[in-house]
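Thank you all for coming; I would like to walk through one structure with you, slowly, and stop wherever a residue deserves a second look. Please keep the sequence and the model in view while I talk.

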Amino acid sequence: MAEEKTLHLVGIGVGHSIAPGMHNHIAKSMNLPWSFYSTECATVDEVLAIGKASNCAGLVVTMPYKNTVMPRLDALDDLATTIGACNNVYRDPTNPDQLRGTNTDWIGIKGCLLETDAAQETAEKKKPTQTEPVLGKPALIVGAGGASRAAVYALTSHFQASAIYVLNRDEDEVAALLADAQRLSPVPKITHVKSVEQARKLPTPYYVVGTVPDLEPKTTAELAVKESLEEFLSRSEKGVLLDMCFKPRRTRMIKLAKALGWPAVEGTHVIGYQIEEQWKLWAGEKRAEQLDKDGAWRVLLEAAENSPGINF
């Protein structure tokens, strides 16, 4: 009989997460006595302590530890190193005492940006249908933290973005993002858009990815981000917008996009597109073949619909 183990979503403010039910459904479908928990961690030391526990099979790492966890792990795969952020920790299959880090966020971003109009399928609790990518267009990222790095990778490697605009209040964060992006091939053309006047001179992005919390802008720099986003979205050309934040599900960005006629994908779907790769790493490829994908999506979408923590 398989050994009882735990999996954890680790970060700050994870109590609202809708992921545990989905992952526990997956474990059951694979006949594994594993349990998934959302675990609040005040420090990166707490993240490592949980990951190193002998009964822990792996971690999903979220804000604010996607960067700071990296030097604390025993090894990083090429994806985590190239992207510059880690959101998934698993045990080395050849040396289970070693913790390895990778990035699966980009898979979630790619899946969401390829969604067709998913309203009916979401209502029916089904995985949304995918469409073909639109290649070679400008793209836009709001934010410059850990999740933005996965967005840069997805937009560069899979959508061949001709340019990537970044809206972010902090110039140092953008400089760090630019430095990390130099590891990609080809190196993306990234522009920090600092004002609405600058935004007006740029072509309209086709893909837009929000990677920041849903907070009311207050400072001059935050208001400039809001004004520039509105400038891009209010044009006649429309693409696809994803807001990775889903507390609440209908964020300010989602509401703005829909009001201006943009197809918008909520951040809860990012979780669903990652499950196959995550479970291959945690449980092994052969065991992961048993994964009930349809059931997992059903549980995820039902949790998203019914969670008081994200529906307000």
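Cys 56 is buried in this predicted model, with a relative accessible area of 2%. Is there a disulfide here, or how many are there in the whole structure? The count comes to zero disulfides, and for Cys 56 the reason can be read from a distance, because the closest cysteine sulfur, which belongs to Cys 41, is 10 Å from its own sulfur, too far for a bond. To make that step clear, a pair of cysteine sulfur atoms has to be within 2.5 Å to count as a disulfide. Cys 245 is likewise in no disulfide, and there the nearest cysteine sulfur, that of Cys 112, is 13 Å away. Cys 245 counts as buried, at 13% relative accessibility.

Let me stay with Cys 56 for a moment, and come to one of the residues that touch it. His 8 sits in strand S1, which covers residues 5-11, and at 11% relative accessibility His 8 counts as buried. Which residues does His 8 touch, not counting those up to four places away in sequence? The answer is Phe 36, Tyr 37, Thr 39, Ile 50, Cys 56, Gly 58, Leu 59 and Val 60.

From there I would like to move to the loop between strand S3 (56-61) and strand S4 (75-76), where we find Tyr 65. Tyr 65 is buried, with a relative accessible area of 5%. Leaving aside neighbours within four places in sequence, Tyr 65 is in contact with Gly 11, Ile 12, Cys 41, Ala 42, Thr 43, Val 44 and Val 47. Although Tyr 65 and Gly 11 are 54 residues apart along the chain, their C-alpha atoms are separated by 6.6 Å. Pro 64 is also found in the loop between S3 and S4, and the peptide bond that leads from Met 63 to Pro 64 is cis, with omega near 5 degrees. A cis bond is also found from Lys 247 to Pro 248, with omega near 5 degrees, and Pro 248 lies in the loop between strand S11 (240-243) and helix H10 (252-259).

Asn 31, with phi near 60 degrees, lies in the loop between helix H1 (19-29) and strand S2 (34-40), and at 58% relative accessibility Asn 31 counts as exposed. Gln 160, with phi near 50 degrees, has its place in the loop between H6 and strand S8 (164-167), and Gln 160 is partly exposed, with a relative accessible area of 48%.

Coming back to Ile 109, and leaving aside its neighbours within four places in sequence, we find Ile 109 in contact with Ala 147, Ala 150, Ala 151, Ala 154, Val 209, Leu 242, Met 244 and Val 270. Ile 109 is also one of the buried residues of H4. Helix H4, which runs over residues 105-113, is mostly covered, with eight of its nine residues buried; among them are Asp 105, Trp 106, Cys 112 and Leu 113.

I will finish with empty space. Rolling a probe the size of a water molecule over the atoms shows where such space is left. A search of the whole structure finds one cavity of 30 Å³ or more, and about 30 Å³ of space lies in the largest cavity. Its lining consists of Thr 82, Ile 83, Arg 149, Val 152, Leu 177, Asp 180, Ala 181 and Leu 184, which divide into five nonpolar, one polar and two charged residues. Helix H3 (78-83), H6 and helix H7 (171-181) each supply at least two residues of this lining, and H7 gives the most, with three.

Terms used:
Residues numbered from 1 in each chain as written. Predicted model: local features only at pLDDT ≥ 70, side-chain atom pairs only at ≥ 80, totals over all residues. Heavy atoms only, no water. Contact = heavy atoms within 4.5 Å. 1 Å grid on protein atoms, 1.4 Å probe; cavity = no way out; pocket = protein on both sides within 12 Å on 5 of 7 lines; lining within 4 Å. Points joined across faces, edges and corners; volume = space filled by probe spheres on them. Helix = DSSP H or I, 4+ residues; strand = E, 2+ residues; numbered from the N terminus. Nonpolar A, V, L, I, M, F, W, Y, C, P; charged D, E, K, R; others polar. Buried < 20%, exposed > 50% of the residue type's maximum accessible area, 1.4 Å probe, protein only.
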